[in-house]
Amino acid sequence: MWITSESNEYPAAVSDGHIDHAGTHGNGGSCSIAARNATSGEVLWRVDACSSSSRRSGNTGKGILPRHATLFLSGTNTVYSYDDNGILRGWNGENGSLLFDVDVLSSITGENNGAGGESDDGSSVIGSFTSALGGESPRLLGESLGGKFDKNLKEGGSAPIGAILTSKSGQDENLILHNPQNGTPIGKPLSAKTLLGKAKVSASKKFKLERARFLDMATSSSSSPDWKGSSIAILVGWSGVQNDVPSVKGEKISKTIGSYSNMAWIHVQLTPSSNEIGNNGNNDIDVSYGNYQVINASPLKITDSTSSSVTSTPLILSSLRIVPSITSFSNLALLAIAPSTYEVAMITHIDITSGKGMGGKLWQMDGLHPYWRFISSIHIMDHATSTETSGSQTNHIIKIAGIDDRYPTPRRIESLFLLSDRAIINSGEIPLDSSYAKENKKIFHRVYGSSKGDEEALYDALTTCPSAGLVVTASVEEDITDLTKKETMASIFRFNEETNVATTLLSGKRVTWSNQAKEGDVTIIPSSRGGTEGGLVEYSHLVDCDEKGMTLVFVSRGGMTVGFRFDGSSDGDSAVVTTKLWNSEEALGSVSSAVFLDETHVIEDVSDGTNQSEDEEEVALRNLQFSNRIQAQMISLKNFFFGGGMLSSLASMALLSDEKKAERDIAFGFAKVSVMLSDAMHRIIALDTAKKGRVVWSMNLHPEASWHKIVRGGQFMSLSDPHGNGGVHDHEMMTLSYLPFSSGVAGKSLESTAAMQWKCFDGTSGRVFSEKIVPMPSEVTQIVPLRSSIHHSHDANECRQVVVLVHADNSVSVVPDTARSHSVVDEAISATGRNGLFVHTLNRQSGEFRALRVARTTAIDGSHPFELVTVGTTIFDPNQESIIDVSYPQRGEVIQSPSTVLGDDAL
């Protein structure tokens, strides 16, 4: 089973601020959690994890992205969600049924348990919350160590989960613990500020770290000699205001900053509920927890004096990750990205009973990957137990991603690293002094091939199955020059040191992999689905891993997901058998608009010597003439009776096979292509309506756009127009993607300037004829589609579809901005029988509705060939009326009334 959620990958990660998602796409954010069968791709269940409406007075109605946090605990087979209204829910992992629903805010403000007073850690409980989160992104703390949490509990039990609370955005955080079985609260809230005071960790004026926060939680087995009973360790720390850190193309993004020197570990021991203690006869006590006790609070310190630079280095708190030891329940390591985004700060051998770490190191970006320009994320793989050696020592598998912004669209590149578990439970065997480069190689290094150039390999995503010794990567075929034939493919590698990975790491040698022979389909994204670009696969998720192979799911930009199975013997002698299990276009779940096209193909040869593939649409439109259509139908009728038999012809027409396009053409009305836009997923998908919705092609749009539009048709359009002016036979279309702040226009400095990316393409095949990014003077208020009455060849920066854009500053622009497009606008302005081309603007605040006429300007330089002339205004008093929406009927649309007026005026 593969569970997906529209939330942060790490539910405990400190948020870098809330996002007004409603202002981006207008849907108020997404809150779905779903489960798929990893083998078939079938959706098993899907739920909305957020409250349907807000009852909090402090909620502004603006959506938060993400609007909920999601945590899955395998021990309870439960999915937990915590939404932006402070509601904690538990969902059955098998069928998605709701197990419990707890209002966290009510449990601490008196609606259930009373408000005010003192919590068990000695802090005062906040008596009134305007909201559970203060407008910030929800966060959940859960167990980070494997194995049984408490050996006395039935089936090992599960550690509690923690919900973060804050009375106001930017204020100190509180934490309330909950039982994982039913969501009931455990005691009163914990205060981060009080706990930091108990550990004698003060705020930092140097980095302006003045906000007390809960950062993460680790669990300890009751078998640990230093910890009595069921205990948890909570990491708390001070954070500062958001700082600007470097990003792609010279831009800056805001991140929340912290520091290792301003953190502390809190030892909390849990107390079972007295009325639930009981023995089931198998020496298992099935209990829940009713309270807790703070045993100890210890500041995080490093004993190695040479590692002081690590503790003093600021950190991006959202990147902070815990690497728990598999063999020692009280030891772990910490990793985080520095605000420069050029370094990874690591502390190893941290004893959470004392808060002390043995050593630390700053890993420079150049030593991690030669083409990274920024380090973007750290991922601790779920299957952390790699190939074992004598002594049960393991290596922890870590994926670190960096950004290569040498391309027009920056690429995210993943690399695989191994961290020795002996570095976490070190007993003095490995010196951690940062001056010993050779010794550091024994602790942590990147894994790649042994051939020349392998260090520079660019992988969009990768994952590994330690049990099978396999590594699978995703990348575009760089050696193919024809863009129409490029595809994103999977590559398979095998660790060279089959059973001695840990030994090799400790000996100072580098672990490598080699190419593995394969049989079967390895195409992740074909060219027809947009697989020609690099950096399309965003994530790879390991769903199943055993000695026989691995099952994983690739997630690409635009929401396309593909399931694969890789089977192969562990000896590496035989080829790995690859099977594409399923693929799904997730963007189909958020379609914002759709256009239907007749799939009409060429049924006569091009006789003028022009390129047939270039002018197929034009030839097809000529064939829609009455005489040509009758001739084609007569030929088809002859073939129907005399060319292979009536039954075979009937069968082929019923199946509408791709090999017989002409038979699809004469079955017109049924063989259509539906071109659908997903504004939220930045993707266009075309479906064959005669093939049960088979995906014909798909295409990604600009991922940073605030909105997208499909533009098709023109000023003379009729729904049944056979002349290519916007009817269902007209295939050429255009997409507009509005970029509020863009830096992708040649010769323009657009750090604070908007831009528009347009793409001209064939709606039935997805073939892109031309595209460009152009600057915009201001926001777009109206889009007017225009179409030339004459077909012309496809030239660079040209499109048969033309668009007039009306802007908020009452200016007008034309896309594409070429002389040919200007002539199309001139044709619309001076069309016979019409009195001009008119557009409209609407000011919702003032209620002014303005009608304007497009006219030619007298500008000498030709930079602004058209202008808007006001011809009339109407005022809708906003104090009395509210304009809900404005819509325009489709040009040429025939309105059929469902009623008829009779002679006596009855309907």
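Trainee: What makes the link of Cys760 and Cys799 a disulfide?

Mentor: The sulfur atoms are 2.1 Å apart in this predicted model. The cut-off is 2.5 Å. The pair falls within it, so the name applies.

Trainee: Why is the disulfide of Cys760 and Cys799 called right-handed?

Mentor: The torsion about its S-S bond is about 75°, so the disulfide is right-handed.

Trainee: Where do the two cysteines, Cys760 and Cys799, sit in the chain?

Mentor: Cys760 belongs to strand β43, residues 755-762. Cys799 is in the loop between β45 (780-787) and β46 (801-807). They are 39 residues apart, and the pair links distant parts of the chain. Both Cys760 and Cys799 are buried.

Trainee: How many disulfides does the structure hold?

Mentor: Three. With the bonded cysteines numbered in sequence order, the pairing reads 1-2, 3-4, 5-6.

Trainee: How do you know that Cys31 and Cys50 form a disulfide?

Mentor: Their sulfur atoms are 1.8 Å apart. That is within 2.5 Å, so the pair counts.

Trainee: Is the link of Cys31 and Cys50 left-handed or right-handed?

Mentor: Left-handed, with -70° about the S-S bond.

Trainee: What does the pair of Cys31 and Cys50 tie together?

Mentor: Cys31 lies in the loop between α1 (22-25) and β2 (32-36). Cys50 lies in the loop between β3 (43-48) and β4 (68-73). The pair therefore ties together parts that are 19 residues apart in sequence.

Trainee: Why does Cys31 count as buried?

Mentor: Its relative accessibility is 6%. Buried means under 20%, so Cys31 qualifies. Cys50 also has a relative accessible area of 6% and is buried.

Trainee: What makes the disulfide of Cys465 and Cys545 right-handed?

Mentor: The torsion about the S-S bond is about 85°, so this link is right-handed. Cys465 is in strand β27 (residues 461-465), Cys545 in strand β33 (residues 537-546), and they are 80 residues apart. The S to S distance is 2.1 Å.

Trainee: How do you know that Cys545 is buried?

Mentor: Its relative accessible area is 15%. The limit is under 20%, so Cys545 is buried. For Cys465 the value is 0%, and Cys465 is buried.

Trainee: Why is Thr464 called buried?

Mentor: Thr464, in strand β27, has a relative accessible area of 0%. That is under 20%, so the label holds.

Trainee: What makes the approach of Thr464 to Leu470 a polar contact?

Mentor: A polar atom of the Thr464 side chain lies 2.7 Å from the backbone oxygen of Leu470.

Trainee: Which residues does Thr464 touch?

Mentor: Among them are Met381, Ile397, Phe495 and Leu542, not counting residues up to four places away in sequence.

Trainee: Why do β9 and β10 count as paired?

Mentor: Strand β9 (residues 161-165) and β10 share five bridges. Pairing needs at least two, so they qualify. The sense is antiparallel. Gly162 has Leu177 in β10 as its bridge partner.

Trainee: Why do β8 and β11 stand at the edges of the sheet?

Mentor: The order is β8-β9-β10-β11 in an open, antiparallel sheet. β8 (140-141) and β11 each have a single partner strand, so one side of each is left without a neighbour in the sheet.

Trainee: Which residues have the most contacts inside the largest nonpolar core?

Mentor: Leu190, Phe214 and Ile234, in a core of 28 residues. Elements that each supply at least two residues include β10 (174-178), β11 (185-191) and α3 (192-198). A second, separate core has 25 residues, including Leu335 and Trp363.

Methods. Residues are numbered from 1 along each chain as its sequence is written. This is a predicted model: local features need pLDDT of at least 70, side-chain atom pairs count only at pLDDT 80 or more; totals for chains, interfaces and linings use all residues. Side-chain values use heavy atoms; hydrogens and water are left out. Helices (H or I, at least four residues) and strands (E, at least two) are DSSP runs, numbered from the N terminus. Buried means under 20% relative accessible area, exposed over 50%, partly exposed in between (1.4 Å probe, protein chains only). A nonpolar core is a set of buried Ala, Val, Leu, Ile, Met, Phe, Trp, Tyr and Cys residues joined through side-chain atoms within 4.5 Å. A polar contact is a pair of N or O atoms within 3.5 Å; within protein, one must be able to donate a hydrogen and the other to accept it, and residues adjacent in sequence count only if both atoms are side-chain atoms. Contact means heavy atoms within 4.5 Å.
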